[in-house]
Amino acid sequence: MNRPFPEPDADAAPDANLRAAEVRRAAGAEALAADAVARIVEVIGRGERFLVTSHCRPDGDAVGSMLAVGMLLEQLGKHADLVTADRVPLVYRGLPHASSIRAAMRVHGPYDAAILLECDGLERARLKGLEDLFLINIDHHLSGRDFGHINWIDHQAASVGEMVNRLRKAAGGALTREMAVCLYTTLLTDTGGFCYGSTNASTFALAHELALAGADPVRIAQDIYFSTTAAKILLLGAALSTLKREGRLAWLWITHQDMVRTCATEEDCEGIVNYAVCITGVEAAVFLRELPERRVRLSLRSKGRINVAAIAERLGGGGHENAAGCTVEGPLTRALDEILAELRPVVGDFAASPR
Ligand SMILES: [Mn+2]
């Protein structure tokens, strides 16, 4: 693909040079992406049997992308096994062919390649037997690593589903209604309903393409956002009763006892952190969930410029600039102290910055 490639002008304002450098960087990234896509298409074309997987505790992007890749491979006359370490969450089980995703701890070849979607490291899939396979890594996390034989990491993509759609076009696959439903789901969930920082004009261009292909935006939104269990609402009540705010920071938590009492599942914790970050004037928020084995799961969210992925990575996790997570040692009070010690200076720096 040809892109305008302006050379920096020595007499130009520093800003113009900066912009030229950005354009050069973008062109370089685009050339790398085009090369990776071409190599993936080639590997798919040559092979017959493929494993398709994603991270453990799969989310909307993981499930939707896996299903779409499965459909693409089928269209191309290939065999695809769709496997994840954890079951598909209830909310996504109505997606087309969702039952074709199998939960397992180990995969058994032979496969011509394993396609890993949305995994920022091989261990994120939590599947044994991947190590010996030819690995195709397709991801958009800031914490994404080049662990595969082919690595296509695009931080600009709103969802991995967006990348899958590009792969589909490059491979000459048709956009079926079922595929469009799955890809629209990845876009809707990963942008938090078209709210997060990655949402831009191209997000809506893709949403438009998918809606034209038969994805029903109202139906999909209702299936995802208006299908909440009573247990989740009870759990939310327990979490909200702990809500604390300190300037630009807010946090809330649930204990293991809360989980048991409300009959909630892990899935029911999804999105609780958003109630803390959505407060006016709050720039970063954390939701803490006590796990049974004295560990604590942290979900981090921020608005705009605060990079919570960097904080999550320092604590052994990962994610996106505005949405990240990690698991730390308990008890809850210790975990809270640890994360607040990380967040306070970052939020303080941010407050002091002139931007
Ligand atoms: Mn994603």
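**Sheet, domains and cores**

Trainee: In which sense do strand 2 and strand 3 pair, and over how many bridges?

Mentor: Before that, note that this is a predicted model, in which local features need pLDDT of at least 70, side-chain atom pairs count only at pLDDT 80 or more, and totals for chains, interfaces and linings use all residues. Residues are numbered from 1 along each chain as its sequence is written. Strands are DSSP runs (E, at least two residues; helices are H or I, at least four), numbered from the N terminus, and two of them pair if DSSP finds at least two bridges between them. Strand 2, residues 79-84, and strand 3 pair in the parallel sense, over 3 bridges.

Trainee: Which residue of strand 3 does Thr84 stand opposite, and which strands are the edge strands?

Mentor: Thr84 stands opposite Ala103 in strand 3. The open sheet has 6 strands in the order 3-2-1-4-5-6, with parallel pairing. Pairing on one side only marks the edge strands, which are strand 3 (101-103) and strand 6 (150-153).

Trainee: At about what angle does helix 2 run to strand 1?

Mentor: Axes are lines fitted to C-alpha atoms, for helices over the stretch in contact (C-beta atoms, placed from the backbone, within 7 Å), and angles run from 0 to 180 degrees between N-to-C directions. Helix 2, residues 60-75, lies across strand 1 (49-54), strand 2, strand 3 and strand 4 (113-117), and its angle to strand 1 is about 170°.

Trainee: How far apart do the C-alpha centres of domain 1 and domain 2 lie?

Mentor: The bounds, which come from an automatic or database domain assignment, are 14-224 for domain 1 and 230-352 for domain 2. Their contact takes 9 residues from domain 1 and 10 residues from domain 2. The C-alpha centres of the two domains lie apart by 27 Å.

Trainee: How many bridges join strand 11 to strand 12?

Mentor: Strand 11 and strand 12 form a hairpin with 3 residues between them, and Gly319 stands opposite Ala324 in strand 12. The two strands run antiparallel, and the bridges that join them number 2.

Trainee: Which residues have the most contacts inside the largest nonpolar core?

Mentor: A nonpolar core is a set of buried Ala, Val, Leu, Ile, Met, Phe, Trp, Tyr and Cys residues joined through C-beta atoms within 7 Å, where buried means that 20 or more other C-beta atoms lie within 10 Å of a residue's own. The largest one has 61 residues, and helix 2 gives the largest share of this core, 9 residues. Those with the most contacts inside it are Ala114, Ile115 and Tyr184.

Terms used: Contact = placed C-beta atoms within 7 Å. Buried ≥ 20, exposed ≤ 12 C-beta atoms within 10 Å, placed from the backbone.
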